[in-house]
Amino acid sequence: MSDLVLSARGLARTYHLDRVDVPVLKDCSLDVEDGEWVAILGASGSGKSTLLHLLGALDRPDAGTVHIGGMELSRASQRQLDRVRAGQVGFVFQFYHLLPELTVLENSMLPAHMPGGVGASEGRRRALDLLERFALGDRLGHRPRELSGGERQRTALARALVNAPRVLLADEPTGNLDATTGAAILDVLSDLHRDGLTMVTVTHDQTIASRADRVLELTGGRLQLDDEAAEGADSKAVVESRRP
Amino acid sequence: MYQLLLTNRYLASRLTPLLAVAAVALCVALVIVVVSVMSGFLNMVQSSGRTLMGDVIISYPVRGIPYYDDLVERLEANEIVAAATPAIETWGLLRMPYPEGDAKESVKVQVWGIEPEGFAQVTSYLESLQWTKPPKEVIRHLLLDVIDSNANTLIAALDGPTRAALLQHTAPDSVAGMSADEIETLAVQLDNPAWDVRLRIVALEGVDAFRSTVNDAVWEAVVEVDPRLGPGTPTLEAGATLMRDGREGIVTGLHVSDANRRGSEGQTVIARDGYWWLPRFDVTLTTLPIDARGGILEPESISLPVANEYAAGVYLIDQTRVFVPIDLVQDITHLDEARLVDPDDPTTVIGTHPARATMVLVRGQDGVHPTQLRGVVDRIYDEFASAHGASFTPPPQRGLSPGLGIRTWEEQNASFIAPVQKERQLMQTLFSIIYVVCGALIVAIFWAIVYEKTRDIGILRSIGAPRSGIVMIFLLYGLVVSVLGSVAGVGLGWFVTTNVGSIHDGLSDPPLWPAWLLIGAGVALLAGGIITGRRRRMLPLLLGSYAMVACIAVAVGVILLRESGGMTIWDPSVYYFDEVPDQVDWREAITTAIGAVIASVIAASIPAARAADIDPVRALRYE
């Protein structure tokens, strides 16, 4: 069995909105192996993004643990969490979330400047390589507003990968793109996966799920299959489809 | 460093930080202008006190100090005393040469009797003399004066060719077609009044035309009568010696004469195109002498030629003070030397009342503090008083003679300097509130920026930016904004302060072109607003309308101001000085700029802390 890159156990998260508690995640567990691509399917509001934020050290769970590369995040200090976000995980969002004042190259290099990043000169080298690979070599000095949706998402991908993270967390990466552009982004993700990148993608798009190694479904605040796996039940085939 | 990169980009790409820069700049400029003008005013008060009366003043009004020559000698023998000079201060009436006719105007003047040479060593008297040479517009009048008083002498000096030239110059038609001999023959037949008129006609064309027309003998005669028309600086020398035309003269403050007024560029404008230039005329000085018992005697009058005018820059002094040779003032105030006769036998002289001076002004060597000098003067005065204590008219003694004062220039002017110092402190204290204003503006503007940048903050946190990094972005941003604002504020403050005189003159006599420019700009802005507003945008139309209304309102204000004769804010009769101080107080300017930077950075830390506290998950969802 390959090494575990990411492991979550018993994750729970409740939002407190106007004196009303809204439980979003209840006892979610998940293991992601090195080089694996896991797709998490779920309806809107099912808690997919919340799960991704917990896995990426952007938020803290009310209960449960997350391990990334052997580090237990619930016991980590704020500074350690910052370093995990900078160096261990890379985020890709549905709406790209690029800084509008920075150019393509500057956006891509930004994580390299953070504590835990690879540093300015190495970051620049890697960003240039990634942008070249993503066919953005002639757009280095352009601002996000001058780019198409696909170009923006590829820039966001370059930014997510510049510090060579252990795992890429993608939140609806094609959700804001037309079918053709979305397919192109999926091709890029597939290429990255072939190169050994570990990825967790949350989506409601079956096309993405069809390319993943493993597909999980988030319903009622639980990840059905991995929760059962944690209990030792051998019923993965019920909700899991594994690519040959 | 990503904070620097983001600070730089945020500054360059948004209007909001420019508002913050403008807010800081205006606050800084406001303080610099106000404090610089106040400091300049205080400096003028202090420096004028010293340059007008020396470092230490011994004064004994009315009765005066006898044997003052001995006192001056004793003072000047001390190594820390640079010079000392006697003076008399009294009040008088000056009968002016204007207006035309017999009924002349009289003005109240403060008469200072001085020994000009010694007085110039103690004070900046020479530097304050207004006229080195007669002004251009006056020369014509001086020339006419010479022709008035010495026409026959000048006509006698005219040679044949000059007479012919004068005829050709003044009556070309009457000599047209004549040969040179015929013209000379005609010239011989003309009488003196005819030549007098011709000389005047040429003189009216100006001194250059006159000089090029007449022969050397005539010009030499002119310069002999009035050397001020010749080379050198006899006008200045007349002021420096208080002598004009071989007579003892008077130097009057520049604003004693109503004929002098300040022009729009600060120059002195003399009424009737130079005609009423006071050094052309004689004036009559009348004083009321006081006898030994303090009673008032018969008024004494003396006619004096005006040698020059004096501009100390202190309006109050320039409006009232006149300088006259000390011996003349002693005569008319009865402070001159007098013989004492036996009351029982008036033919028997029993002693002499020495001449007296009401003040002795002392200047210390460079670097000697006035307080130190006063201590030395005290001691020397005591020795002097005791040396003459047995004389028939002993000098007043310190501690025994009320009215005797030995004071530094600061003490002498304390009642004037202290309020100005307090006013400046008050201004500085009041205007330190500007830091609070500056800080509040920064908090408000930066709070809006943080709000606007919420999603950026979420993005930065998601890629690993620590909270301290977010704080640093906004602190750096605050630092850069405040430094830029302070530098711009210092520049603006410097510009306004150094041009405060021109701005003031512009308000006093506003030109019309800014009004037309503003109306044009207002119309252009409205047109721009309408054109942009046609694309269904409300804001440009609104801003264009407001800008037009503001421009036209200011333009109308300028026109009304002009129609109402301008606005004099700095009235010299109120503020003592005839010019607005225009030197930047750099120490205060730098302190203000640094204060604004500190206040801004402290203020920026509040929205910066809020930015750091933003939950990254919520920030990423922020639309």
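Residues are numbered from 1 along each chain as its sequence is written, and chains are lettered from A and ligands numbered from 1 in the order in which they are written. Since the model is predicted, local features need pLDDT of at least 70 and side-chain atom pairs count only at pLDDT 80 or more, while totals for chains, interfaces and linings use all residues.

Confidence was examined for chain A. The mean pLDDT (the predictor's confidence in each residue, from 0 to 100) of chain A is 86, and 91% of the residues score at least 70. Over residues 226-244 of chain A, pLDDT stays under 50. For that stretch the model has 24 contacts beyond four places in sequence, two residues being in contact if their C-beta atoms, placed from the backbone, lie within 7 Å.

Chain A contains an open sheet of four strands in the order β2-β1-β4-β5, with antiparallel pairing; two strands are taken to pair if DSSP finds at least two bridges between them. In general, strands of a sheet pair through backbone hydrogen bonds, either parallel or antiparallel. In chain A, β2 (20-33) and β5 (71-72) stand at the edges with a single partner strand each, so one side of each has no neighbour in the sheet.

Strand β1 (residues 4-17) of chain A is joined to β2(A) by ten bridges in the antiparallel sense. A:His16 lies opposite A:Asp21 of β2(A), and A:Thr14 lies opposite A:Pro23 of β2(A). The two strands β1(A) and β2(A) form a hairpin with two residues between them, and A:Asp18 in the turn has a positive phi of about 45°. Between β1(A) and β4(A), which run antiparallel, there are five bridges. Here A:Arg9 is opposite A:Thr65 in β4(A), and A:Ala8 has A:Val66 of β4(A) as its bridge partner. Strands β4(A) and β5(A) also run antiparallel and are joined by two bridges, with A:His67 opposite A:Glu72 in β5(A). In their hairpin, which has two residues between the strands, A:Gly69 takes a positive phi near 50°.

Two helix pairs were described by their axes, which are lines fitted to C-alpha atoms, for helices over the stretch in contact, with angles that run from 0 to 180 degrees between N-to-C directions. In chain A, helix α5 (residues 149-161) packs against helix α6 (residues 179-194) at an angle of about 20°, the axes being 9 Å apart. The helices α5(A) and α6(A) are therefore roughly parallel; angles under 35 degrees count as roughly parallel, over 145 as roughly antiparallel, 65 to 115 as roughly perpendicular and the rest as oblique. The crossing of α5(A) and α6(A) is right-handed (the near helix is turned clockwise from the far one by less than a right angle; anticlockwise is left-handed). Residues making the contact include A:Gln153, A:Arg154 and A:Leu157 of α5(A) and A:Ala184, A:Ile185 and A:Val188 of α6(A).

In chain B, the axes of helix α2 (residues 16-53) and helix α25 (residues 586-613) come within 9 Å and cross at roughly 150°. Consequently α2(B) and α25(B) are roughly antiparallel to each other, and their crossing is right-handed. Among the contact residues are B:Val24, B:Cys27 and B:Val28 of α2(B) and B:Ala589, B:Thr592 and B:Ala593 of α25(B). By class, this contact has nine nonpolar, four polar and one charged residues, where Ala, Val, Leu, Ile, Met, Phe, Trp, Tyr, Cys and Pro count as nonpolar, Asp, Glu, Lys and Arg as charged, and the others, Gly among them, as polar.
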